[in-house]
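Here are a few exercises to work through with the model open beside you. Try each task before you read its solution.

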Amino acid sequence: MSLAYYPGCTLKTKARNLEEPGIASLEVLGLKLVEIPRWNCCGAVYSLADDDLIHQVAPVRNLIRAKEQGQDKLATLCAFCFNTLKRANLLMRENAEKRNTLNSFMDEEIDYGGEVEVVHLLEVLRDEIGWEALAQKVKLPLRELKVAPYYGCTLLRPREVAIDSVENPTILREFLKALGASPVDFPESTRCCGSYQVISNPDDISEYARVILNSALKHGAEALVLTCPLCDYNLGQGQKELMKKHSEFKGMPLFYFTQLLALALGLDPQVCHFELNYGSPESLLREKNLLSQSESFQPIGG
Amino acid sequence: MSVTISPKRLRREFVRKVRELSGQNLQLCYQCGMCSGVCPAVSNMDLSPRRIIELARLGLEEEIANSKTVWICASCFACTVNCPRGFDLSKMMEAIRLLTLRKNIDYIRPEDISPQERCKLPQIAMVSGLRKFTG
Amino acid sequence: MSIKEENKNPAEIAAKLIPIYIMGKRYEVPEGLTIMKAMEYAGYKFIRGCGCRGGTCGACGTVYRKPGDYKLQVALACQKTVEPGMYMAQIPFFPANRAQYEFADLISAPEEVFKLYPELFRCVACNACTKACPQGIEVMDAIAALKQGNIAEAARLSFDCIQCGLCTSRCFGELAQYHMFQLARRIYGAKILPRAEHLAEIVGTINEGRYDQILEELKHVKEDELKKLYQEREAEPMAAGEDWKPKDTRYL
């Protein structure tokens with residue numbers, strides 16, 4: 001079975017360790033992710049201005065590409081892109097005036113009326129595959145690795161795009177349990193990492209990271225699982241700075257959910273690209289016997 | 001902090017534009033402070049989100065212009081989902097930012113980001129940051 | 001043909017005059033001329049905004065509209081023939097900052113483009129650039145490729161770029177697309193494209209002096225003898241098999 005797939009700019013370069021294990025894992029689960037042709041950057045953020053239409057063009061164009069392929073679903077791995085694409089899709093479905101204007105502006109494209117559904121990979125795992133079926137395919141249970149699920153913002157807010165309960169999400173907890181890990185709930189799991197403030201007020205980022213990571217550590221987490229490359233960057237870089245400034249600060253490895261998925265399904269760890277991760281995942285994985293001694297990675301993130 | 005509220009200081013055009021751009025009814029807010037309570041960036045702000053709404057309602061454009069609050073906002077939507085009146089505060093923040101950006105006054109310039117950061121940052125950071133802070 | 005028409009200059013008989021508007025002023029110009037020639041016919045003298053006259057240098061970017069049509073059209077003045085009612089202006093140059101860099105210091109990575117042209121990320125994929133390209137390049141797609149870190153694809157898509165600057169003039173995000181593409185093509189050509197091994201081999205053989213002697217000999221051969229040598233040179237026959245060898249095998 002195949003699913004139309006929108007990668008987003010970041011996954012092809014900086015977040016290969018999110019994409020590659022994801023694609024490989026889904027193949028094992030019987031789903032082939034097929035990249036839509038001629039996709040462009042979705043714009044990363046959904047334009048919040050009532051009169052702004054030009055910033056809707058980019059995400060809508062990608063939805064049109066999916067429609068052109070005869071697809072009724074478009075799957076994403078990047079949480080940032082998911083939010084933008086889904087909100088733009090809702091706009092095209094609900095606002096007739098803007099829909100007409102956008103369609104007539106993009107006169108070189110076919111018309112679009114919200115025919116495609118935007119889904120995130122976690123939704124696909126929960127709704128199309130199911131946790132029980134996933135658990136049965138697990139070859140290397142994650143030996144009760146204590147992983148704190150970190151949702152960030154974009155998968156759960158605003159309410160109209162949420163893939164789970166906004167106040168008490170459980171999707172990552174169920175995902176981790178299916179893989180044999182031990183989910184560690186903590187109060188800051190939906191607190192923002194600082195997002196794009198990293199380019200305008202970068203000094204604030206380590207403070208945002210401190211609140212989140214400290215809370216996870218206090219509740220006994222050994223690692224954090226993420227869905228978004230910007231969260232990864234902010235928490236990873238923030239963690240590095242905190243360790244530099246405060247020698248007593250204990251960091252922890254940051255994983256993408258697709259990496260844990262690939263590991264648990266018994267895929268070759270090379271596909272996970274752990275060398276791109278922050279927080280030295282290698283030593284933790286070895287400690288838990290989730291990585292053989294012969295496997296080694298040159299840490300790039302540190 | 002003392003603020004003078006008077007019809008003389010009310011900038012009607014500002015209020016109208018914020019309402020239009022955000023598509024939100026500013027009168028919904030009853031100043032409960034939930035937004036400030038859930039805002040992850042509030043400790044870095046000089047004026048809390050709750051105060052910004054009140055100032056916007058009263059048309060006190062200067063106080064808002066002198067505050068860096070809207071530029072510290074990370075559009076995380078925590079305020080939006082938690083507001084008991086369904087007021088979309090993130091849209092109001094965006095409207096206030098746009099009133100400056102559309103005058104061709106940028107908050108940052110791409111060249112202010114160090115070359116090393118430009119290489120390391122994920123593309124979503126560059127794209128989203130430039131969208132929020134440049135016109 | 002009437003007697004009157006017979007006595008006319010053939011060029012005058014053939015040329016039908018059509019109206020065009022250059023910078024808002026109306027002129028009657030002969031049908032069939034290119035925009036550039038029509039402007040010169042109308043009395044304009046090009047000292048800038050004109051170059052190869054062959055559709056390659058990108059100096060003569062022109063924008064125009066047709067009567068009753070809101071759509072903006074683009075063309076190269078030296079290539080496009082005039083149409084009745086064309087309403088045009090030239091964009092011979094559009095300001096576009098080119099980053100300063102030492103090419104030898106760059107590595108073959110998309111980050112080099114991100115570093116030198118951070119405004120790349122201001123693209124909103126509005127497609128105005130693609131519509132403005134007289135070469136039919138998918139400019140938006142090439143910029144998308146750059147954002148995705150795919151230098152090879154950006155180089156491939158922008159191959160026909162003649163750097164006319166029309167895309168830059170229409171860009172919502174204020175990007176200088178053609179400068180970014182040039183950087184991508186340079187990195188691709190110099191640092192990514194695989195080198196032809198047999199070329200390196202033969203260059204090595206030449207540098208080792210294999211052909212020095214015969215070249216030296218030929219330098220001293222008289223012109224007539226040289227011509228004779230050339231005309232009588234042995235050429236591989238059309239239907240030659242794999243094992244064909246020339247009579248003189250010294251230089252194989």
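A nonpolar core is a set of buried Ala, Val, Leu, Ile, Met, Phe, Trp, Tyr and Cys residues joined through C-beta atoms within 7 Å. Keep in mind that this is a predicted model.

**Exercise 1.** Find out which residues touch the most other members of the largest nonpolar core.

*Solution.* Start with the core itself, which has 198 residues. Those touching the most other members are A:Leu224, A:Val225, A:Leu260, C:Leu120, C:Met180 and C:Ala184. Now zoom in on A:Leu260: leaving out residues up to four places away in sequence, it touches A:Leu142, A:Leu179, A:Ala181, A:Val225 and A:Phe255.

**Exercise 2.** Work out how helices α9 and α10 of chain A are oriented to each other.

*Solution.* Locate α9(A) at residues 205–218 and α10(A) at residues 229–245. Their axes come within 8 Å and cross at roughly 95°. Angles of 65 to 115 degrees count as roughly perpendicular, so α9(A) and α10(A) are roughly perpendicular to each other. Sorted by class, their contact has seven nonpolar, five polar and two charged residues.

**Exercise 3.** Decide whether chain C is a compact globule or more spread out.

*Solution.* Along its principal axes, the C-alpha trace of chain C spans about 70 × 65 × 35 Å.

Technical notes. Residues numbered from 1 in each chain as written. Chains lettered and ligands numbered in written order. Predicted model: local features only at pLDDT ≥ 70, side-chain atom pairs only at ≥ 80, totals over all residues. Buried ≥ 20, exposed ≤ 12 C-beta atoms within 10 Å, placed from the backbone. Contact = placed C-beta atoms within 7 Å. Axes fitted to C-alpha atoms, helices over the stretch in contact; angles between N-to-C directions. Helix = DSSP H or I, 4+ residues; strand = E, 2+ residues; numbered from the N terminus. Parallel < 35°, antiparallel > 145°, perpendicular 65-115°, else oblique. Nonpolar A, V, L, I, M, F, W, Y, C, P; charged D, E, K, R; others polar. Rg over C-alpha atoms; globule rule 2.2 N^0.38 Å.
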